[in-house]
Amino acid sequence: MTRTLLLTGAAGGVGTLMRERLPSYGYGLRLMDLVPVDGEPDAVTADLNDEPALREAVRGADAILHLAGISLESSFEKILHANIAGTHAVYEAARAEGVRRVVLASSNHAVGFTPTPFDGRTVAAADTPHRPDSFYGLSKCFGEDLAQLYWDKHGIETVSVRIGSCFPEPTSVRMLSIWLSPDDAARLFHAALTAPSVGHTVVYGSSANTRGWWDLTAARELGYEPRDDSERFAKKLLADQGPLDPANPDHASMGGPWVSDPPLWPH
Ligand code: NAI
Ligand code: 15L
């Protein structure tokens, strides 16, 4: 049976990659974004904080993949509106409309000040306290805690995915360790949408990277089986950029250069 999935942030980078992939897993996609979605006249064009529009988009959905929001650093006020109030609005709409499963796009920047594991050990989601590296990262911490609240209080289940770098290819040496290929992202989101009894589970979202920093056990327990590895990009990236250096403050934490100079949202 087709499951109706609301995809917020459908016009964005990950949203576009998932629109191309998730239908083959049997989902009927309902799309929403602040801006029109190319070639999708039925998509809902609205702010997450437009309650009637959001309620209508959520109504009848079986689950929500919540990707919408500011995906880089911005002023606290803008982050507050899009990521904090916006994510709260998604959970309120889910509660009001009886949606029982959300997959939440959290980020590695929720824990960006965690030291880079140069010792070769991997970091597990459950062991990592929040150490945001930006207001953006802070909003992802909020999202994870909000998901916990809506599970404990309202029985809405969430998998919070601390996504690494989800792009067609890694573009930095740091990304070799945290790359989530688009195909693996679809595998992971599908596992998160269908695994039984997740309560609120936090997982890291990366491919099976040779240089990976994260223990993917929690994601694998949902049924995720990553198939990609960034290693095929390593030779060129290392030749261009050199290896990560523990003495370089922009390499010393998992958030990379975000700890000192996060990329800014352009709008
Ligand atoms: P993106 O910036 O390409 O897409 C975000 C979309 O959200 C945009 O289309 C934008 O119009 C929409 N949006 C922003 N504010 C909105 C609002 N108030 N109401 C409705 N829609 C709004 O970001 P990307 O790369 O696709 O990321 C998707 C999600 O995954 C984001 O939540 C991001 O923080 C998260 N993430 C992405 C990573 C990546 O590597 N691409 C890594 C970690 C987390
Ligand atoms: C994120 O959370 C951002 O949304 C994405 O644009 C990348 O910068 C990614 O993290 C990353 O750390 O590479």
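In which helix does Ala94 lie? Ala94 belongs to helix H3, helices being DSSP runs of H or I of at least four residues and strands runs of E of at least two, numbered from the N terminus. The model is predicted, so local features need pLDDT of at least 70 and side-chain atom pairs count only at pLDDT 80 or more, while totals for chains, interfaces and linings use all residues. Residues are numbered from 1 along each chain as its sequence is written, and chains are lettered from A and ligands numbered from 1 in the order in which they are written.

Ala94 is buried because 24 other C-beta atoms lie within 10 Å; the cut-off for buried is 20 or more, with exposed at 12 or fewer and partly exposed in between, C-beta atoms being placed from the backbone. Neighbours within four places in sequence aside, Ala94 is in contact with Val58, Ile64, Val99, Val102 and Ile156, contact meaning that C-beta atoms placed from the backbone lie within 7 Å.

Just after H4, Gly155 takes a positive phi of about 70°.

In the contact of the two helices, residues of H3 including Phe76, Ile84 and Tyr91 meet residues of H4 including Tyr136, Gly143 and Tyr150.
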